[in-house]
Amino acid sequence: RDADDGGYSDWALEYVLSWFGPIPQKIDSYDELGRLSPILKTEQNIHIQDAIFIGPRENLTDNDKYKTALMEYGALDVSYANFESAPYYNNETAAQYQNISHKQDHEITLIGWDDNYPASNFIITPPGDGAWIYKNSWNTAWGEEGYGYVSYYDVGIFNSNYTVGYVIENTEDYTKNYQTDLSGNLTIDEYNANISYSNNYTSIGDELISGVGTYFIEEGENYSLEIYVNGELKHVQNGTAPFYGYHTVKLNKEIPVKEGNDFKVVMKKKSLPKLSYSRQHYAENITFVNYGDGWEDISLENETVSLKVYTKNPPSPIENFFNI
């Protein structure tokens, strides 16, 4: 049987945040026959710590927030309804305009826009000029050397829950990523009151707990986090989310742990990022959620939460530096 090498934006997001990628193309060049990349760990893997979400547009001219995101964060991961033939796609100009489908079935990389792109370049004339410029994944034989245009007035773009922009500004030298959320369908549910969720980990070396990553449902969402080591509360930190999306909270106090120490992070806020329907099999007694009436082990439902912990290497033998 042929392998399905497609996927969803959630999967790409989880792949990047799990530190499996991205990596330079020269290390993992495109394989026309194999197509599916192996899991590669190199010194050149780029560690992405933050991803901003931009919600769906309210109408066909609600475009400024995407333009702003392109300027601030660079290329965006966008879902849209793909058409490959007339009258919705003009092969001569690599330009798509359609007004019949809101269903997204393809991922593209949005790289820019042209407010003056002529409406006459589309087979069906849209209500006005203007187009988004994107890079497709179908090699340089497609479109204009691999690039195409989609009208501002196309009804099949910016309809998904979010468009993703990756924040490539990490300057923290995190060395390990403790995580359970490698894959699955992501949901971020909001509640009327704060709920708590936690992950338990065991240290695989002498290190410093330095950051905690999770998803936030909106800019300004309040949170409180706690760090426990071997059952003892070591750190409490409160704050607000800088944006809607995935954010790594830099701890204002790094917590030392030794190899074999058990540590736990507890996050308390009004939204819960869960992953389900994964091919992962989650171990029991790792991930818990408290909706207000006690802790539940959600691995029993084959679910987990997104709650990563990032560590750094200590600057000297941990016993000497921290006197523990």
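The model is predicted, so local features need pLDDT of at least 70 and side-chain atom pairs count only at pLDDT 80 or more, while totals for chains, interfaces and linings use all residues. Residues are numbered from 1 along each chain as its sequence is written, and side-chain values use heavy atoms, with hydrogens and water left out.

Start with the whole protein. It holds three helices and 19 strands. Helices (H or I, at least four residues) and strands (E, at least two) are DSSP runs, numbered from the N terminus. The radius of gyration is 22 Å, close to the 20 Å that the globule rule gives for 324 residues, so the protein is as compact as a globular protein of that length. This radius is taken over C-alpha atoms, and the globule rule is 2.2 Å times the number of residues to the power 0.38. Along the principal axes, the C-alpha atoms fill a box of roughly 70 × 45 × 40 Å.

Of the 324 residues, 48% are buried. Buried means under 20% relative accessible area, exposed means over 50%, and partly exposed lies in between (1.4 Å probe, protein chains only). The accessible surface comes to about 16800 Å², and 46% of it belongs to carbon and sulfur atoms. Accessible areas come from the Shrake-Rupley method with a 1.4 Å probe; for residues, only the protein chains shown count as cover.

Contacts reach across the sequence. Among contacts with a separation of 6 or more, 74% are between residues 24 or more positions apart. A contact means heavy atoms within 4.5 Å.

Next come the cores. A nonpolar core is a set of buried Ala, Val, Leu, Ile, Met, Phe, Trp, Tyr and Cys residues joined through side-chain atoms within 4.5 Å. The largest one has 27 residues. Leu76, Val78, Leu110, Trp132, Tyr134, Ile157 and Phe158 touch the most other members. At least two residues of this core come from each of strand E1 (50-54), helix H2 (64-73), strand E2 (76-80), strand E5 (106-114), strand E6 (131-135) and strand E7 (147-151). Take Leu76 as an example. Another core, of 25 residues, lies apart from the largest one, and Tyr201, Leu251, Val265 and Met267 are among its members.

With a relative accessible area of 42%, Ile111 is partly exposed. Its contacts, not counting residues up to four places away in sequence, are Leu70, Ala75, Ile133, Tyr134, Lys135 and Tyr147. Gln44 is 67 residues from Ile111 in sequence and 24 Å away in space, C-alpha to C-alpha.

Turn to the aromatic rings. Rings of Phe, Tyr and Trp (its six-membered ring) pair if their centres lie within 6.5 Å; planes under 30 degrees apart count as stacked, over 60 as edge-to-face and the rest as tilted. By this rule there are 24 aromatic pairs. One of them joins Tyr178 and Phe263 edge-to-face, at 5.1 Å centre to centre and 85° between the planes. This pair links distant parts of the chain: Tyr178 is in strand E9 (residues 176-178) and Phe263 is in strand E15 (residues 262-276), 85 residues apart. Both Tyr178 and Phe263 are buried.

Tyr191 and Tyr291 form a tilted pair, 5.9 Å centre to centre with 55° between the planes. Tyr191 lies in strand E10 (residues 185-202) and Tyr291 in the loop between strand E16 (287-290) and strand E17 (295-297), so the pair ties together parts that are 100 residues apart in sequence. Tyr191 is partly exposed at 25% relative accessible area, and Tyr291 is partly exposed at 31%. Elsewhere, ring pairs link Phe53, Tyr162, Tyr215, Tyr244 and Tyr246 into a cluster.

Some rings also meet a lysine. A charge sits over a ring if NZ of Lys or CZ of Arg is within 6 Å of the ring centre and within 35 degrees of the ring normal. Lys264 lies over the face of Tyr228, 4.9 Å from the ring centre. Lys269 lies over the face of Phe216, 5.0 Å from the ring centre.

Last, the backbone. A cis peptide bond joins Ala86 and Pro87, with omega about 5°. Pro87 lies in the loop between E2 and strand E3 (89-90). Asn139 is not a glycine, yet has a positive phi of about 60°. Asn139 sits in the loop between E6 and E7 and is exposed, at 52% relative accessibility. Tyr277 also has a positive phi, of about 55°, although it is not a glycine. Tyr277 belongs to the loop between E15 and E16 and is exposed, at 73% relative accessibility.
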